[in-house]
Amino acid sequence: MKKQACAFIGHKPQKFHFGYDELYEDCLRLKAVLAWEIKAMLAQGVTTFYTGMSLGADMWCAEIVLALREELPQLGIELIAVIPFEGQANRWSNDYRERYFSILDKAQAEICLQAHYSKGCLARATAIWRITPAACWPYMTAARAKRAVPWNMPAHAT
């Protein structure tokens, strides 16, 4: 049986109207929606998740997957970090760097696509989603990201 996987393709904080404020009500609601959707993927048999490790939605989804892996060890949940280049987090704040390396420490594997940043390396990282996982989950459009309401969340998901 082919293993089912899901890749996270999301937005960086500056694309959201709440920016880096993760305590903002819309951000908390978005994270609840993401958690609900990831649980739905698990219920469908998806147990391998890929993240590009970018600030914002990529890292939020990775943190949700890691929390669910701890909560549900019997499912064999895997997180694979697809890093576009080695120094991806070099210019981030210390807090975000700590989160980044914490996620990497807990991931089952890291795939680093190249040693140094170059024009187009982020696009190449995104292109891996087209060939690696069985399911790709682009969870919101830029227009919807500004409102942080990617779809109608089922009432039982809150």
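Predicted model: local features only at pLDDT ≥ 70, side-chain atom pairs only at ≥ 80, totals over all residues.
Along the sequence they follow the pattern β-α-β-α-β-α-β-α-β-α. The chain has 158 residues, of which 45% count as buried.

**Contacts along the chain**
- Taking contacts between residues at least 6 apart in sequence, 80% join residues that are at least 24 apart.

**Nonpolar cores**
- The largest nonpolar core is made of 35 residues, and those with the most contacts inside it are Ile-38, Phe-49, Trp-60, Leu-79 and Tyr-100.
- At least two residues of this core come from each of β1 (5-9), α1 (25-43), α2 (57-71), β3 (78-83) and α3.
- Helix α2 supplies the largest share of the core, with 9 residues.
- Another core lies apart from this one; it has 5 residues, including Ala-5, Ala-7, Ile-80 and Val-82.

**Phe-49 and its surroundings**
- Phe-49 counts as buried because its relative accessibility is 0%, and buried means under 20%.
- Setting aside neighbours within four places in sequence, Phe-49 is in contact with Cys-6, Phe-8, Ile-38, Met-41, Leu-42, Val-65, Ile-77, Glu-78, Leu-79 and Ile-80.
- Phe-8, one of these contacts, also has 0% relative accessibility and so counts as buried.

**Aromatic pairs**
- The structure holds 9 aromatic pairs.
- In one of them, the ring centres of Phe-8 and Phe-49 are 5.7 Å apart and the planes are at 5 degrees, so the pair is stacked.
- This pair links distant parts of the chain: Phe-8 belongs to strand β1 and Phe-49 to strand β2 (residues 48-51), 41 residues apart.
- The rings of Trp-92 and Tyr-100 have centres 5.2 Å apart and planes at 85 degrees, so this pair is edge-to-face.
- Trp-92 and Tyr-100 are both buried.
- Phe-16, Phe-18, Tyr-24 and Trp-60 are linked into a cluster by ring pairs.

**Met-53**
- Met-53 is located in the loop between β2 and α2.
- Its phi is near 65 degrees, which is a positive value in a residue other than glycine.
- Most residues other than glycine have a negative phi.
- The relative accessibility of Met-53 is 0%, so Met-53 counts as buried.

**Ser-102**
- Ser-102 is part of helix α3, which covers residues 94-106.
- With a relative accessible area of 28%, Ser-102 is partly exposed, because that value falls between the limits of 20% for buried and 50% for exposed.

**The second largest pocket**
- The volume of the second largest pocket is about 150 Å³.
- Its lining consists of Lys-12, Gln-14, Tyr-20, Ser-54, Leu-55, Phe-85, Gln-88, Trp-92, Tyr-117 and Leu-122.
- Sorted by class, the lining of the second largest pocket has 6 nonpolar, 3 polar and 1 charged residues.
- Trp-92, one of the lining residues, is also the ring partner of Tyr-100 in the edge-to-face pair.

Methods: Residues numbered from 1 in each chain as written. Heavy atoms only, no water. 1 Å grid on protein atoms, 1.4 Å probe; cavity = no way out; pocket = protein on both sides within 12 Å on 5 of 7 lines; lining within 4 Å. Points joined across faces, edges and corners; volume = space filled by probe spheres on them. Nonpolar A, V, L, I, M, F, W, Y, C, P; charged D, E, K, R; others polar. Helix = DSSP H or I, 4+ residues; strand = E, 2+ residues; numbered from the N terminus. Buried < 20%, exposed > 50% of the residue type's maximum accessible area, 1.4 Å probe, protein only. Core = buried A, V, L, I, M, F, W, Y, C linked by side-chain atoms within 4.5 Å. Contact = heavy atoms within 4.5 Å. Phe/Tyr/Trp six-rings, centres within 6.5 Å; stacked < 30°, edge-to-face > 60°.
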